[in-house]
Structures are given as structure tokens and as C-alpha cells.
Amino acid sequence: MTASPRIDLDRLLGRLDAFNRIGALPGGGNCRLALSDEDRAGRDLLVRWMRDLGLTVTIDAIGNIFGVRRGRENLPPVMFGSHIDTVGTGGRYDGLYGVLAGLEACQALDDAGRITRRPLALVAFTNEEGSRFPPYAMGSLVYVGGLALEDAYAVRGIDGATVGEELRRIGYAGDARPGFLKPHAYLELHIEQGPVLENEGRAVGAVEGITGLRWMEVSITGRSAHAGTTPMDLRHDAGYAAGEIAVFVRRVAREMAGQQKGTVGRIELYPNLVNVVAERAVLTVDLRNIDNEPLQQAERKLADFLDRLAAQEQIVIATRSLARFDPVAFPNEMVSLVETTAQELGFACRRLPSGAGHDAQMMARLCPASMIFVPSAGGLSHNVREYTAPEHLHAGASVLLNAVLRLAD
Ligand code: HGY
Ligand code: MN
Ligand code: MN
């Protein structure tokens with residue numbers, strides 16, 4: 001009789017520490033932007049650790065990394081994982097925790113001498129964050145056929161390079177066809193990145209679904225002019241218009257309340273000089289809601305506002321969609337699997353939606369999927385002070401291990 005597999009928390013914490021030396025920021029936190037040199041270094045380390053555990057490593061054409069642990073039978077695998085890229089002010093856990101907890105689950109099974117009936121496939125998806133190369137969850141979106149590979153390769157990032165160029169430069173344009181493995185089910189363990197679990201003192205969240213989202217780039221063309229001699233009523237001020245849009249996005253989200261979110265995270269002005277009325281502005285708008293109807297309403301409100309602003313200021317405003325995903329609900333049996341596994345392990349658990357996007361949102365198009373959340377201290381993420389307590393890291397990894405076992409055996 002083999003011992004029951006158990007997560008080794010120290011081993012998991014050790015791997016998190018070792019991995020987070022890559023792209024470490026001086027004041028704490030991490031920056032491993034997708035397809036950067038830091039991302040390559042992280043990929044190389046993950047591939048080495050996968051091979052050390054005897055996993056069969058495959059890289060697909062969009063750079064998704066798979067480590068497959070053989071099963072007793074040659075069946076569709078249980079897939080689990082997340083991402084290892086970060087935003088510019090990344091923390092230590094967003095994405096990486098789900099991948100390294102998956103690796104730890106494989107090693108816990110090795111320690112217990114356990115071979116599951118189904119193969120297991122640990123995955124790290126390319127460019128989940130989307131901040132350098134929109135849209136987010138690009139690797140999983142290509143994997144499920146939601147974005148053509150050539151279109152993904154052609155995406156030009158905020159620094160001018162394309163996905164194809166960078167993927168080839170870091171040596172991760174693999175041979176496998178995206179979608180080459182059709183999973184039996186997909187599970188993703190991730191930090192909540194919000195305040196709900198911590199506020200309620202619960203260690204685990206069974207994620208019911210993921211928010212709908214619209215990312216757009218707004219380009220404003222006005223007229224550069226002298227800041228001192230140009231009368232206020234003769235200006236076509238792209239800088240002013242950008243500011244008005246940022247205020248409007250926030251106001252609409254506040255007025256709609258509920259789950260509506262609105263963010264202007266990027267604004268670039270040209271010529272961006274103290275004494276010149278800005279000629280051009282480029283900004284991004286991020287609108288989200290777990291309910292599609294209000295999300296579409298927010299989208300319409302913004303479009304009407306842009307039309308009025310362009311006429312009022314006699315400027316040209318153009319928009320370009322960067323991402324457009326509808327809300328996704330996970331199948332109840334997958335959410336229940338997470339919930340009952342957590343409860344049987346003695347963890348306080350609740351169901352909740354995700355305001356963040358994740359690869360599971362795309363994988364849900366391919367197979368039954370759901371997510372496991374653990375608390376984020378202060379609900380903070382996309383911030384270098386992101387933190388999750390070790391006991392919560394252990395709880396989440398234990399739920400992942402046992403839920404995978406239920407699916408795989
Ligand atoms: O934007 C998101 O929700 C995710 O962090 N990429
Ligand atoms: Mn993430
Ligand atoms: Mn993120």
C-alpha cells in the first residue's frame with residue numbers, strides 16, 4: 001500500500017525562492033515580462049526542474065511548456081498549471097505559484113510511489129499577463145484555437161518587437177502543434193489577487209467563473225501648440241482629452257457599481273513636454289464585469305462619450321480592440337470538486353468569481369475546467385508587496401494535489 005501523497009511545503013517554498021531570484025526587482029517583487037530574457041531564464045529553470053522529475057517536456061509553437069507524467073493507461077491527461085510571466089510590478093506568486101505547486105504535486109506523487117491511471121500534464125502558458133503583448137492569456141488562447149498562431153506571432157508589443165521575433169529570439173518557438181494534448185480536465189491554482197478570502201478568513205476559494213473583459217487602445221490626435229500663447233478656447237489638447245477619458249472610465253465604473261471595473265493603466269503623450277499642448281495621446285482602457293450585459297453597457301457609454309469629446313474638442317479619436325473576452329462560468333461539477341476536496345481536507349472554502357483573467361478562461365473552451373484560489377494579503381496583486389501566507393500556499397497545493405488525484409484516478 002503506497003503512502004498517501006503529501007505536499008512538502010519547504011520544498012515548494014524553496015523552489016519559489018529560487019525561481020524568484022530571476023527578474024528580482026531591487027525593492028522586492030519581480031519583473032519577468034513575457035518573452036523577455038528574464039522569461040527565458042525562468043523557462044529554462046522550469047524545463048530543468050521538469051526534466052529532473054522525469055517529466056516528458058514538450059514546447060508548442062506558441063511557447064507553452066508541458067511536462068507530462070506518465071499514467072498507468074494511455075488516456076487524455078489531467079492538465080494543471082498556470083503562467084510564469086509577470087507584469088512590470090509583479091509579485092512572487094501570481095501565476096508562478098500554480099506552476100510550482102503543480103511541480104510539487106508531481107514530486108509528492110513520486111515520493112509516495114504513486115502512478116495515476118491518467119497521465120498528468122503540468123503546463124506553463126506563454127504570455128498570460130498580456131501587458132507587453134496583448135491580449136492576455138495569449139498562449140492558452142492559441143492553444144484552444146481562439147487566436148491563429150500567425151496572428152499571435154504578428155502582435156507587436158509596447159516596445160515594438162513582435163511575439164514571433166521574441167519567441168524565436170529566446171528559443172521557445174517549439175515544434176508541437178498548439179492543442180496537441182486534449183486534456184480530460186484542467187485545474188488552475190492561483191492567488192485570489194483580491195480581498196474576499198482574507199476578509200472572510202477562508203483558506204481556499206472554489207472559483208465559479210471568470211470576468212468578461214474589454215481592453216482597447218485609444219489614440220487621440222489634436223494639435224500641438226504653445227502652452228503660453230494659445231488661448232484656452234482655441235486648443236485641441238490631446239492631453240486634456242486623455243485625462244477626461246480616464247476620469248470618465250472611473251466614473252462609469254463607480255456609477256454602475258456592482259462588479260463593474262474600469263481602469264486606464266497606460267497614457268503616453270506626444271511630445272510630452274511641459275510647455276507644449278499635447279498633439280497626440282495613446283491610452284489603454286480595461287473594462288471588466290462578470291456579467292456581460294453591464295459590460296456591454298459600459299462599452300456603449302464609453303463609445304458615446306468618445307464621440308462627444310471628439311466633437312467638443314475638435315480632435316480625432318480612434319479605438320483599437322486589444323482583447324475581448326466574455327465571462328466564463330466553470331461547470332458545477334468542477335467547482336464542486338474543488339469545494340469538496342477543500343472541505344474534506346479541513347479548509348474553510350467558499351465559491352467566488354474571479355475579477356482577474358486566467359488561462360483557465362481559455363481552457364474552459366476545451367475541457368471541464370475550474371480554479372482553486374488562496375488568499376492574497378490585503379487583496380494586493382500586480383504589486384511588489386503581493387503576499388500569501390505559507391499555510392495558505394500549503395492548503396492550495398494540497399487541494400490541487402487531491403483534486404488532481406480524483407480526476408486522474
Ligand atoms: O489582467 C489580468 O486579469 C491578468 O492578470 N492577466
Ligand atoms: Mn495570473
Ligand atoms: Mn497577473
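The chain is divided into domain 1 (9-210 + 328-408) and domain 2 (212-325), with bounds from an automatic or database domain assignment. This is a predicted model: local features need pLDDT of at least 70, side-chain atom pairs count only at pLDDT 80 or more, and totals for chains, interfaces and linings use all residues. Residues are numbered from 1 along each chain as its sequence is written, and side-chain values use heavy atoms, with hydrogens and water left out.

**View 1. The largest nonpolar core has 104 residues.** Such a core is a set of buried Ala, Val, Leu, Ile, Met, Phe, Trp, Tyr and Cys residues joined through side-chain atoms within 4.5 Å. Buried means under 20% relative accessible area, exposed over 50%, partly exposed in between (1.4 Å probe, protein chains only). Residues with the most contacts inside this core include Ile65, Phe80, Tyr97 and Phe330. Helix H12 (residues 390-408) gives the most to it, 11 residues. Helices (H or I, at least four residues) and strands (E, at least two) are DSSP runs, numbered from the N terminus. Domain 1 and domain 2 both give residues to this core, so it lies between them.

**View 2. Tyr97 and its contacts.** Beyond its neighbours within four places in sequence, Tyr97 is in contact (heavy atoms within 4.5 Å) with residues including Leu12, Leu16, His190, Val374 and His392.

**View 3. The interface of domain 1 and domain 2.** The two domains bury about 910 Å² between them, 68% of it on carbon and sulfur atoms. Buried area is the accessible area (1.4 Å probe) that two parts lose on being put together, summed over both. Pro134, Tyr136 and Ile158 supply 39% of the area that domain 1 buries against domain 2, more than any other three residues. In all, 16 residues of domain 1 are in contact with nine of domain 2. Across this interface the rule finds zero salt bridges. A salt bridge is a side-chain nitrogen of Lys or Arg within 4 Å of a carboxyl oxygen of Asp or Glu.

**View 4. The salt bridge of Glu166 and Arg169.** Their side chains meet at 2.8 Å, N to O. The two residues are three apart in helix H6 (residues 163-169), so about one helical turn separates them. Glu166 is buried, at 9% relative accessible area; Arg169 is partly exposed, at 38%.

**View 5. The salt bridge of Arg351 and Glu339.** The closest N and O atoms are 3.0 Å apart. Arg351 lies in strand S15 and Glu339 in helix H10 (residues 332-344), 12 residues apart. Arg351 is partly exposed, at 23% relative accessible area, and Glu339 counts as buried, at 18%.

Conventions
Chains lettered and ligands numbered in written order.
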